[in-house]
Amino acid sequence: MENKYPFELMPLPYEYEALEPYIDAETLHYHHDKHLKTYVDNLNNALKDYPELQNASLTTLLVNIEELPPAVQNAVRNNGGGVFNHNLYFSAMRSPREDNKPTGTLAERINKQFGSFEGFKNELAAKSIGQFGSGYGWLVTDKDGNLDIVSSPNQNTPIGMYVMPLVPIDVWEHAYYLKYKNLRKDYVENWFKLANWDYIEELYKNRENFFK
Ligand code: MN3
């Protein structure tokens with residue numbers, strides 16, 4: 001799937017039931033088929049009168065957002081961010097595993113920077129739970145592999161020339177409210193059973209493709 005205009009709805013990489021019991025099929029159906037679809041449609045709509053932007057990848061649009069025509073900056077930030085963030089969010093999950101942890105170079109880096117996987121998990125969970133209102137908690141890396149944990153409001157993404165997003169934890173209420181109601185903390189803690197550490201480790205190991 002080419003990641004440029006006209007953007008397409010990324011197929012969900014698993015069945016709607018695949019993340020049960022931690023993310024229910026109904027939530028996943030609405031989140032992917034309705035919410036993400038709307039961001040895709042709105043992004044295409046925002047770019048339809050800008051042929052000079054239609055060959056740019058989504059990453060290029062988001063990294064260079066300040067250089068875009070002022071009239072499309074907010075639409076790209078909100079809807080382009082919505083597409084990028086959700087594609088990564090859905091890709092970075094898989095069916096639940098107990099004792100779910102990264103391995104390899106990413107695990108080594110996490111242990112070095114955060115002391116242990118538990119220390120890392122607690123910090124990413126706290127950042128995600130603490131995001132005021134809608135947004136995301138993120139694990140990001142720079143080109144040298146230095147990790148950081150940040151949060152962002154709305155559909156803003158921390159993507160940039162020096163920062164590559166690895167993990168988004170979506171804490172918009174649409175990600176969890178049907179099942180968890182107001183208990184964002186329970187949803188975030190259960191998200192760690194769904195993290196696709198193989199996928200995330202591949203992103204981390206191949207980060208030079210992002211920064212070139
Ligand atoms: Mn969402």
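The following dialogue covers a pocket and a helix pair in a predicted model.

Q: How much space lies in the largest pocket?

A: Rolling a probe the size of a water molecule over the atoms shows where empty space is left. On a 1 Å grid over the protein atoms alone, a pocket is an open set of points where a 1.4 Å probe fits, with protein on both sides within 12 Å along at least five of seven lines. The volume is the space filled by probe spheres set on the points, which are joined across faces, edges and corners. Here the largest pocket holds about 390 Å³.

Q: Which residues are closest to the centre of the largest pocket?

A: Lining residues have an atom within 4 Å of a point. There are 15, and Asn3, Thr59, Phe84, Asn87 and Tyr199 are the closest to the centre. Helices are DSSP runs of H or I with at least four residues, and strands are runs of E with at least two, numbered from the N terminus. The largest share of the lining, four residues, comes from α3.

Q: At what angle do the axes of α1 and α3 cross?

A: Axes are lines fitted to C-alpha atoms over the stretch in contact (heavy atoms within 4.5 Å), and angles run from 0 to 180 degrees between N-to-C directions. The axes of α1 (residues 25-47) and α3 come within 9 Å and cross at roughly 145°. Among the residues that meet are Leu28 and Tyr39 in α1 and Val72 and Phe90 in α3.

Q: What limits apply to the model?

A: Local features need pLDDT of at least 70, side-chain atom pairs count only at pLDDT 80 or more, and totals for chains, interfaces and linings use all residues. Residues are numbered from 1 along each chain as its sequence is written, and side-chain values use heavy atoms, with hydrogens and water left out.
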